[in-house]
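Student: I would like to go through this structure with you. Could we take the questions as they come?

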Amino acid sequence: MSFANPVPVSWFLVLSALLFAIGVAGALTRRNGIGIFLSIELMLNAVNVALIGYSRLLGERSGQIMVLFVMAVAAAEAAVGLGLFIAVYRQRRTIDVNRLNLMRW
Amino acid sequence: MRPLDLLWLVPALPIAGAALNGLICLFWPKAPKATATWIGVGFPGASMLVALAAIWEYLHGVNPDPFERTFWSWTAGELSIPVAFLLDPLSVVMLFIVTFVGFWIHVYSAGYMSHDPGYRRYFAYLNLFMGAMLLLILGNNFLVMFVGWEGVGLCSYLLIGFYYDKKFAADAGKKAFIVNRIGDFGFLIGMFLIFTTFGSLNFITVFAQASTLSAGTPVIMWMTLALFLGATGKSAQIPLFVWLPDAMAGPTPVSALIHAATMVTGGVYMIARCSILFALAPVTMEVVAVIGACTALFAASIGLVQNDIKKVLAYSTVSQLGYMFLALGVGAFAAGIFHVLTHAFFKALLFLGSGAVIHAMHEEQDIRKMGGLKKYLPTTYKTFLVGTIAIAGIPPLAGFFSKDEILWKAFANGDYVLWSMGIVGAGLTAFYMFRLLSLTFEGEKRWDAGKHPHEAPSTMTIPLIVLAGLSIVGGFVGIPASLGGGNAIEHWLEPVFEKANDKMSLKLHGIETIEYVLMGLSVAVALAGIYLARLWYLKKNDGPNRVSSRFAGMYKLLLNKYYVDEAYDAAIVTPIVKGSDKLLWRVVDVGIIDWCVNALASIFGFASKGARRVQTGVAQSYAIVFLAGVIAIIGWMLVK
Amino acid sequence: MIDQSSILSTILFLPLLGAIIIALMNAENKKLIKILGLMFSTVPFIVSVWLFLKFNGASGEMQFVERYSWITNLDISYKIGVDGISLLLVVLTTFLTPIALLASWESIENKLKGYVALMLLLEVGTLGVFMSLDIFLFYVFWEFMLIPMYFIIGIWGGGERIYAAIKFFLYTMAGSLLMLVAIIWLGYYASTLPGGIFTTDLMKLYQIAPGIPMSIQSWMFLAFALSFCIKVPLFPFHTWLPDAHVQAPTAGSVILAGVLLKMGTYGLVRFCLPLFPFATFTFMPYIAGLAVVGIIYGALLSMVQGDLKKLVAYSSVSHLGFVVLGIFAVNEEGMQGSVIQMINHGLSTGGLFLLVGMIYDRRHTRMIKDFGGLAKQMPVYATLFMIVMLSSVGLPGLNGFVGEFLILLGAFKSDLLGSYAYAILGATGVIFAAVYLLWSYQRVFFGKLDNPENQKLLDLSRREIAVLVPVIVFIVWIGFFPNTFLEKSAASSKQVIQMVQSARQGVRTAMLEKEIITGRNKR
């Protein structure tokens, strides 16, 4: 291994957990659709960090492959999600999720 | 081709005429009126010719056996019903009455209805009636008979309600149909019992099996009682007679054809046809005789005070039908059919005569507003007089022989009470008929000067003359042996009633003296009735007023027909209608059953209303729940 | 010519093809949509007439059977075929659909495309129900049929259409879910037998189902019977019917009364009786009793209705009571009567709905009190109404009588019902039928034509006459020559009855054995 004193895996996990918690908090509290969307991206990337950490620890490539998948999915999701929000915005002039309650009761 | 092979044409021709006229009526309203007459009178006329030819051939047949012909059948399970015709002595008599009298009434109608806007429709209905009536009498099994039976009921409904824009006419038609349906219910049940007992509905098969049974079997009793219920409906006997007087709302020739000469005798024909079954049920026979005698007397008593010329004749018809049932009930089947024959002649004559009068008086039917018409309607008067004498039972006109035969058989059978009811009824008949005659044709004019009564056209008078002739000579086919006659009709019908007569074993021979005495008595009673009527209504006597004020209660009762209609309304019709509306529909159906269904739905509705509070529609609150769930699961895994 | 081996599929899927084509068309092209709809419903009728002629009435077996595997490891297959009973109902369905479409030729303008497509889909569903020889397939069609009907009532119906449509849907659905459970259980039961597999093939189940222990058989019977009785509808499950009929558009009512209700009675004949003969014996007095109550109750309620459609709806309850009574008489006369009465009811009640629809199109009211004296203004209408009404009354010479007579005769002589009371009480329905129909006829057509609105009415158009004439032709035909139809279903009815009766022979011997055993024990 080229790094003599590697960063311990626990650091990765803590970072990942922190990022995930921030993402959850954001997704649950934000009202703006795009804010929620960003928070979800954050949660996805938290998972990516954890995956990379383990991949390094275990010397297993599949973790990194998973990360690439997640990034691809996230990109696709961003495209669809933002598209939806634009469409919603055009209809309703807002993307406040609390006001998008057409299906409520 | 023999005429008997063409028997199917007899009912088919009038039905074809009805269909043709009906279609023209609907789809070619501008068709020339003459076509309606040619079709409407021509088809029944052709049917009559075929029928007469068939009868002639049958009479001269080497083989007197019943003639049967099957056309097609219905089958289901054990049931197999041929659509088949039977010609035997009984149906020959009926065939003659229906086609012959029917034809002349058609001819008469062409004159009587000529100014009616519904002329073509009228003939379509009338022809249809002929077809159905012929099916009734020609069918060789109960089902074909029933088809005709209900068919005539339908035509009766249509013709009574012919002037449908008048409410009472439409009501009367409906009443006739429904009351007949009650009778038909009995007929149906009777048929079911016959089928379950004998496994067939064919007359010959059933009667052959029945004659092997012993009298008094309960199933035969129920069977015959059910059939008799059917007969009371069609032939207007107590308790189902109520429709016939109202049926006079129809055009007068209809009253003559359907409600006097042919359809109403269907019940008599049916019982005569089933004579062997009835002969095996002494209880039923008793019931038939008693109902017949009661109806005869009851209807005659109502007839005494009616002022509508057609109502008098209607009650008279009910009464005469009562005599026929009396005859059947005492086992004198041939006498019953004989009376059907003579009654068809004179009652059709009387109705047609009354039609001529009504025509002349511009649709006036109240005899209090007539009088003195003798001068203006000589032919009608003469023929009406013949009919009146015939119905009153004065020899040697037709009514005498048949009525006397019935009374004599009732007496000979030992039913003295029924006989005396009959003889009183005969006196009443003579009275009310001569009252009618006197008030209508004799005495002084009681009508407005504006009316100019004139004799009817020849299309109307010729049928009157033909029927008057038959009313005079029609009785001669049944001159009893005691008067030196051969009683041809009884002999003619003997093959049909042979088995029934064996079971009944009427003792009739060797007491000719009594027969003469009774004959004299009934003629005397009739003459007394006539005398009283002439005295009261011709000589400006105040007898009627005295009697009616003396017995005011009775008079009112009779005038209101014993309040039978009102009683039926109050006891049956109103409770059913009100009960169905107020109780069954509004309470049971809407209030209970549908309420339960909707309540069940509401329970689910309420439950889900509570449950859906959880669904706030805010995605984030769902996510919180989701997160809580995830944490709970992870926590549970850690603790475990 | 059509390949005889796939004639049934041809009839079944032609309307589906039509529905798909119409769904893909431009909604503005109304004329073409209507013509295509009519064509795709008329061709199946012509094919089914050919089927009718080809059908061998002497055999009670299933004919024209087609089978394709569907879910192989559960032995669920696409298996269709007809016997005499279903043959008549198939012909009735294909006959009534074009008539219903023609009847709504002018009255439906809104969302026409969807309407025509749904009517064709409805035909597919009902035909499938009558043809299925696999219970699972039957269930699929049974439920499938609900959807187009739901939309037809819910979109093109009257003022309370949503309520009526939902009530119709849920009511029927509630019953059929129990049936689904029973179907699954039946399949499962087949797999528990030695060497058995899970199967929903009706012919295989006919062999094994009567052997189900009595305690379970009763439940199975009830699960099926409830679903069918709701559909019939048997008293007291009938309250969805007046709502659905009143709200549905004319064509919807025609198909609902004419065909859909027959699915219930057909189900009783095809499934309840032969699959569960012992339970049938247990429950027959009750069901026949309810049928008799329905006959009288429906008639009495019909008598007091002010809305013509509601009147006809309640009269359906009465007429279908006759059909159920005939079925549960469990003899050939009753069964044949019921089969022919199903057809009769389709014609006469369907015809009455058509007629009521025609006057509704003109006056936009169905209340009896708004009419009176119409016979003068509309003689053709009055005459045709009279004929159809008399067929419903059961006048001999018209079709209704044939069915009622055979049913009552069957009930009367049925030794299994064991009492004349059913037939005698049922026969009073004949009187009441005359009362309610004649009374309403009088109020609509007779009397004075005094409402100025009614004085402007036009008599029937050629199209309307063309709609009614075929119905009337069959009404008279069956009235005079019922054998044309009876002979097709005779052998099949006999077969159904034999399946039930042979089980009874079994019971009798079993009971005798039991008696002998218990007798021995007593000693």
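**Contacts, core and local geometry**

Tutor: In this predicted model, Ile489(B) touches Ala334(B), Phe338(B), Val477(B) and Gly478(B), not counting residues up to four places away in sequence.

Student: Where does Ile489(B) lie, and is Ile489(B) buried or exposed?

Tutor: Ile489(B) lies in helix H20 (residues 488-504) of chain B. Ile489(B) is buried because 25 other C-beta atoms lie within 10 Å, and the cut-off for burial is 20 or more.

Student: How many residues separate Ile489(B) and Asp565(B) in sequence, and how many Å in space?

Tutor: Ile489(B) and Asp565(B) are 76 residues apart in sequence, with 38 Å between their C-alpha atoms.

Student: Now chain B as a whole. How many helices and strands are there?

Tutor: Chain B has 25 helices and 2 strands. Its C-alpha atoms fill a box of roughly 125 × 65 × 55 Å along the principal axes. Of its 640 residues, 56% count as buried. Among contacts in chain B with a separation of 6 or more, 80% come from residues 24 or more positions apart.

Student: In which sense do strands S1 and S2 of chain B pair?

Tutor: Strand S1 (residues 67-76) and strand S2 (residues 79-87) of chain B pair in the antiparallel sense, over 9 bridges. Glu68(B) stands opposite Leu86(B) in S2(B). S1(B) and S2(B) form a hairpin with 2 residues between them, and Gly77(B) in the turn has a positive phi of about 60°.

Student: And H2 of chain B: where does H2(B) bend?

Tutor: H2(B) bends by about 25° at Gly42(B), and Pro44(B) follows within four residues.

Student: Turning to the chain contacts, which chains have the most contacts between them?

Tutor: Chains B and C have the most contacts among the 2 pairs of chains that touch. That contact takes 46 residues from chain C and 39 residues from chain B. On the side of chain C that touches chain B, H17(C) gives the most, with 11 residues. By class, that side of chain C has 30 nonpolar, 11 polar and 5 charged residues.

Student: What about chain A?

Tutor: In the contact between chains A and B, 9 residues of chain B meet 9 residues of chain A. The side of chain B that touches chain A has 5 nonpolar, 3 polar and 1 charged residues. No contact joins chain A and chain C, and their closest C-alpha atoms lie 18 Å apart.

Student: Which residues touch the most other members of the largest nonpolar core?

Tutor: The largest nonpolar core has 438 residues, and those that touch the most other members are Phe129(B), Leu326(B), Ala348(B), Val324(C) and Leu325(C). Helix H15 (residues 333-360) of chain B gives the most to this core, with 18 residues.

Student: Which residues is Ala348(B) in contact with?

Tutor: Leaving aside neighbours within four places in sequence, Ala348(B) is in contact with Val101(B), Ile105(B), Ala256(B), Ala260(B), Ala261(B) and Leu467(B).

Student: Back to chain C. How many residues of H13(C) are buried?

Tutor: H13(C) is mostly covered, with 28 of its 32 residues buried. At 1.5 Å a residue, H13(C) should span 46 Å, and its end C-alpha atoms are 45 Å apart, which agrees. Just after H13(C), His364(C) takes a positive phi of about 55°.

Student: Where is Arg93(A) placed, and what is its phi?

Tutor: Arg93(A) is in the segment after helix H3 (62-92) of chain A, and its phi is positive, near 60°. Arg93(A) is exposed, since 8 other C-beta atoms lie within 10 Å.

Student: And Lys111(C): where is its place?

Tutor: Lys111(C) is in the loop between helix H3 (84-103) and helix H4 (112-131) of chain C. Its phi is also positive, near 50°. With 14 C-beta neighbours inside 10 Å, Lys111(C) counts as partly exposed.

Student: Last topic: which residues does a cis peptide bond join in chain C?

Tutor: In chain C, a cis peptide bond joins Phe235(C) and Pro236(C), with omega about 0°. Pro236(C) is found in the loop between helix H8 (214-231) and helix H9 (240-247) of chain C. In chain B, the peptide bond from Pro395(B) to Pro396(B) is cis, with omega near 5°. Pro396(B) is in the loop between helix H16 (378-392) and helix H17 (398-412) of chain B.

Notes. Residues numbered from 1 in each chain as written. Chains lettered and ligands numbered in written order. Predicted model: local features only at pLDDT ≥ 70, side-chain atom pairs only at ≥ 80, totals over all residues. Contact = placed C-beta atoms within 7 Å. Nonpolar A, V, L, I, M, F, W, Y, C, P; charged D, E, K, R; others polar. Expected span 1.5 Å × (residues − 1). Buried ≥ 20, exposed ≤ 12 C-beta atoms within 10 Å, placed from the backbone. Pairing = 2+ DSSP bridges. Core = buried A, V, L, I, M, F, W, Y, C linked by C-beta atoms within 7 Å. Bend = angle between axes of the 7 residues up to and from the residue.
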